[in-house]
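Hello,

Here is the structure for you to look over. My notes on it follow below.

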Amino acid sequence: MNIVIAPDSYKGFATSDQAATWLADGVAEVFPVATITTFGMADGGEGTAARFSGETITLPTTDAAGRLTEASYRYDRATKTAYIDIAAASGLPAVADKLDALSADTYGTGVLIADAQTRGAQRVVLGLGGSATTDGGMGILVALGAAPHDKRGYPLPKGGGPLDRLEHIDTANLNVAAAGMEFVLLADTTAPACGPNGSAEIFARPKGANDEQVTHLDAALAQLCKVTGVDPDAEYTGAAGATPVGLIWLSRLIYGTTEHVHVLPGAAVVAQELGLSEAIAEADLVITGEGRFDQQSGTGKVISQISQLVDAATHNNDKATPPVLAIAAAEFVAQTATNAISAQLEPGKEVADQLRAAGAEIARKFQESSR
C-alpha cells in the first residue's frame, strides 16, 4: 500500500512537517508495512519559503504594528531568488495583542525585499498568506522608497485605512533596483481586491476590523485600485490584504507592463516544487488537512490543491483503484467532498496525540471502505 500525507500547517499548533509526521505515525499503527511518504505543504502562508532551497537570512525589521522584530527568509544564490513569506514580518500572530486593521502595514516585508536585492537577488517569490494587513501592499512600496500622498500633497499615515484619501504615489526616492526585481506572488485565495467577496469583506475581521472598518477598508482599496489602475475585480488581487495591487502597479510603473509580476496559486506552485503530482498518481490513500476546514478551503488553499491532484490522478492514470482523499481538521465548518474520508481532531490532548489519533482513524476508515 502506498500512502501520501501532505497537510498544511495547523496554525499556532503544528507546522506542516510536524503534522505530516504525526499523521503518519497514526497511519502506521494501522498499516505498519505500508509505504508512507510525507510532504509538508504550504499555500503561500506561513512556512512557504521553507519549502524552497537556499540559505536562511535573518535580520531586524518591523511587524505589522510597526514594532521592532526579527524575520527570516530564504535566499538561493545560485538562482538569485529570494523566498519570502509575508507572514514572517507582517503576520497576524505577532500582532494578536495589538490588532489595528486600519493602520497595520507591510513595511516590514518591504525591508526583507530590499535586503534581498542588496545580496544579489533578481527575483522574489513572495508568499501572500497569513498577513495582518489590508494595505494593498503600500507598506512594501514605502519601504522601497515610494510615498503615498493625499490631494493636498501631504504624506498619508501607514496602513490601509488612510488610502481612502490617496491621490498620488510619489516615486522621487524609489529604490529602483529593488522595485524592478521580478516578483512571483503566491496567493492562498482567489479573492479579488474589492467588493462583497473582496479582501476587506472576507479577511479583515480576523485582523481586528469591525463592520464599519471593513466598509472603510473596502473603499480605501477601491481608491488604491483607481489611482494605480489595477482591476479591483481581478482574481487573486485580494490576497494578503490586496498586496498584489501595489506590486502590479510597481511593475507597470517601471516597465510599462505587468510582465515582471506574476500572481499564481501558492499551493499549486509548492505542490509542483515538491513533486506531489507524481507521488499522488501512485498513491492508494492521500491524506491532507488544516486547522479549520471551511468555505475558504476550496479557494486556493492546500486542501483544494490536493483534492485537484487526486481528481487528476483518478482520471489520468491506469491504476485499477484510484487514490482516496482523506482530510484531518481540528474544525469542520463546511462539508467535505462526498468521496473524502474525514477525521476531526479531538481537543483536550497534546496536538501530536490528536494528529496521531486522526491518522489512525483515517486508516481504519480506509481499511473498512476497502473491504
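Charges first. The protein chain carries 25 positive and 44 negative side chains. The centres of the two sets lie 3 Å apart. Please keep in mind that this is a predicted model.

**Overall form**

The protein chain holds 12 helices and 13 strands. Its radius of gyration is 21 Å, close to the 21 Å that the globule rule gives for 371 residues, so the chain is as compact as a globular protein of that length. The C-alpha trace spans about 75 × 45 × 35 Å along its principal axes. Of the 371 residues, 52% are buried. The exposed surface comes to about 15500 Å², and carbon and sulfur atoms supply 49% of that area. Now the contacts between residues at least 6 apart in sequence: 71% of them join residues at least 24 apart.

**Cores**

The largest nonpolar core has 49 residues. Tyr 73 and Leu 144 have the most contacts inside it. Which helix gives the most to this core? Helix 8, residues 239-255, with eight residues. A second, separate core has 29 residues, among them Val 184, Leu 186, Val 270 and Ala 313.

The list includes Glu 55, Thr 56, Ile 57 and Leu 59. Ala 82, Tyr 83 and Ile 84 are also in contact with Tyr 73.

Most residues other than glycine have a negative phi. Ala 240 lies in helix 8, and its phi is near 50°. Ala 242 lies in helix 8 as well, with a positive phi of about 70°.

Leaving aside neighbours within four places in sequence, Ser 9 is in contact with Ala 14, Thr 15, Ser 16, Met 41, Glu 46, Glu 290 and Gly 291.

*Leu 92.* Look in the loop between helix 2 (86-90) and helix 3 (107-118). Leu 92 counts as partly exposed, at 23% relative accessibility. Not counting residues up to four places away in sequence, Leu 92 touches Leu 99, Gly 130, Ser 131, Ala 132, Pro 206 and Lys 207. Ala 271 is 179 residues from Leu 92 along the chain, and their C-alpha atoms are separated by 24 Å.

*Gly 159.* The loop between strand 7 (147-149) and strand 8 (168-170) holds this one. Gly 159 is buried, with a relative accessible area of 6%. Residues up to four places away aside, Gly 159 touches Leu 102, Ser 103, Ala 104, Asp 105 and Asp 135. Gly 159 and Ile 36 are 123 residues apart in sequence. In space they are 46 Å apart, C-alpha to C-alpha.

Best regards

How values were computed:
Residues are numbered from 1 along each chain as its sequence is written. This is a predicted model: local features need pLDDT of at least 70, side-chain atom pairs count only at pLDDT 80 or more; totals for chains, interfaces and linings use all residues. Side-chain values use heavy atoms; hydrogens and water are left out. Helices (H or I, at least four residues) and strands (E, at least two) are DSSP runs, numbered from the N terminus. The radius of gyration is taken over C-alpha atoms; the globule rule is 2.2 Å times the number of residues to the power 0.38. Buried means under 20% relative accessible area, exposed over 50%, partly exposed in between (1.4 Å probe, protein chains only). Contact means heavy atoms within 4.5 Å. Accessible areas come from the Shrake-Rupley method with a 1.4 Å probe; for residues, only the protein chains shown count as cover. Lys and Arg count as positive and Asp and Glu as negative; His and the chain ends are not counted. The place of a charge is taken as NZ of Lys, CZ of Arg, CG of Asp or CD of Glu. A nonpolar core is a set of buried Ala, Val, Leu, Ile, Met, Phe, Trp, Tyr and Cys residues joined through side-chain atoms within 4.5 Å.
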